[in-house]
Amino acid sequence: AVVSTQSTGDATEKLFKKLGFDVEPQENLTRTQLDDVLSMIVNDFPALDEYNCFVAVFLSHGENEVLNCVDGKDKKIDDIIDLFKGDSCKALRGIPKWFIIQACRGKSFNTEVLIDHDAKGDDNDIEQQSSKPISIPACADFYISYATAPGYYSFRNTKDGSWFIQCLLEVIQQYARYEDINTMMTRVNRKVALGFHHNFAGEYVKQMPYHVNMLTGSLQLHTKTRL
């Protein structure tokens with residue numbers, strides 16, 4: 001599903017169609033219309049349990065963990081995600097659910113700082129296997145990509161669209177054949193963090209995407225052809 005109120009919505013729709021997704025674009029929704037669309041997806045979307053991945057993209061204005069609808073009413077992001085948890089949406093239990101949210105999350109600016117070296121972390125993979133039946137938490141198998149960290153502005157170019165969505169589409173187009181989304185989103189983080197700045201009152205401010213990974217396995221957007 002692609003829910004769009006910005007110019008980068010068309011590019012997002014085209015890319016996910018190329019990736020083999022069934023896309024249901026929605027634009028300029030009121031709070032009631034958004035509630036109706038979400039209810040339709042969760043309760044009435046045909047053969048939802050036959051899909052192997054679900055992606056929802058929200059391109060909107062927002063603040064303090066809410067999305068702004070066109071009628072001036074807000075929708076809490078947590079309330080949207082709760083609808084798709086395993087105890088609410090049985091059809092998507094165990095299926096990866098990726099929420100991409102392009103919206104401000106506050107009024108603070110992420111100021112520029114200087115570094116003189118790259119910080120490197122460990123890459124450890126711990127895996128447990130069992131032949132017994134397993135249970136998973138209701139909130140499992142979510143991956144949530146926010147354009148910016150909590151409390152901060154998200155920036156948008158009036159011609160090219162948001163910094164975050166620009167970078168996300170570029171990275172997916174280039175790396176979807178080879179990398180999982182966690183690796184790709186790290187690339188998006190770096191492109192946004194290093195590639196953009198905004199001059200606000202004589203001070204350079206930046207933006208840092210923010211991801212929440214609750215997947216229980218690797219998620220790759222497999223495509224056989226070059227995007």
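## Strands and the second largest pocket

Strands are DSSP runs of E with at least two residues, numbered from the N terminus. Strand 3 is the element that gives the most to the lining of the second largest pocket, contributing three residues. The structure described here is a predicted model.

The pocket itself has a volume of about 450 Å³. Its lining comprises 23 residues, and Phe 21, Asp 22, Tyr 51, Asn 52 and Cys 53 are those that lie nearest its centre. At least two lining residues come from each of helix 2 (31–44) and strand 3 (54–59). Sorted by class, the lining holds 17 nonpolar residues, four polar residues and two charged residues.

Three strands form an open sheet in the order 4-5-6, and their pairing is antiparallel. Strand 4 (61–63) and strand 6 (74–76) each have a single partner strand and therefore stand at the edges, with one side of each left without a neighbour in the sheet. On average, neighbouring strands of this sheet are turned by 30 degrees against each other, direction ignored.

Strand 4 is joined to strand 5 (residues 66–68) by three bridges, and the two run antiparallel. Within this pairing, Glu 63 has Val 66 of strand 5 as its bridge partner.

## Two residues with positive phi

Most residues other than glycine have a negative phi. Glu 65, although not a glycine, has a positive phi of about 65 degrees. This residue is placed in the loop between strand 4 and strand 5. Its relative accessible area is 29%, so Glu 65 is partly exposed, given that this class lies between the limits of 20% and 50%.

Asp 141 also is not a glycine and has a positive phi, of about 70 degrees. Its position is in the loop between strand 8 (110–111) and strand 9 (142–146). With a relative accessible area of 4%, Asp 141 is buried, the cut-off for that class being under 20%.

Ala 138 counts as partly exposed because its relative accessibility is 31%. Between Ala 138 and Ser 88 there are 50 residues of separation in sequence, and their C-alpha atoms are 8.4 Å apart in space.

Strand 9 pairs with strand 7 (residues 97–102) in the parallel sense over five bridges. In this pairing, Ile 101 stands opposite Tyr 146 of strand 9. Strand 9 is also joined to strand 14 (residues 210–213) by four bridges, and these two strands run antiparallel. Here Ser 145 stands opposite His 211 of strand 14.

## Helix 4

Helix 4 (residues 163–175) has 13 residues, which should span 18 Å at 1.5 Å a residue; the C-alpha atoms at its ends are 18 Å apart, in agreement with that value. The expected span is 1.5 Å times one less than the number of residues.

Several residues of helix 4 are buried, namely Trp 163, Phe 164, Ile 165, Gln 166, Cys 167, Leu 168, Leu 169, Val 171 and Ile 172.

Technical notes. Residues numbered from 1 in each chain as written. Predicted model: local features only at pLDDT ≥ 70, side-chain atom pairs only at ≥ 80, totals over all residues. Heavy atoms only, no water. 1 Å grid on protein atoms, 1.4 Å probe; cavity = no way out; pocket = protein on both sides within 12 Å on 5 of 7 lines; lining within 4 Å. Points joined across faces, edges and corners; volume = space filled by probe spheres on them. Nonpolar A, V, L, I, M, F, W, Y, C, P; charged D, E, K, R; others polar. Buried < 20%, exposed > 50% of the residue type's maximum accessible area, 1.4 Å probe, protein only. Pairing = 2+ DSSP bridges. Axes fitted to C-alpha atoms, helices over the stretch in contact; angles between N-to-C directions.
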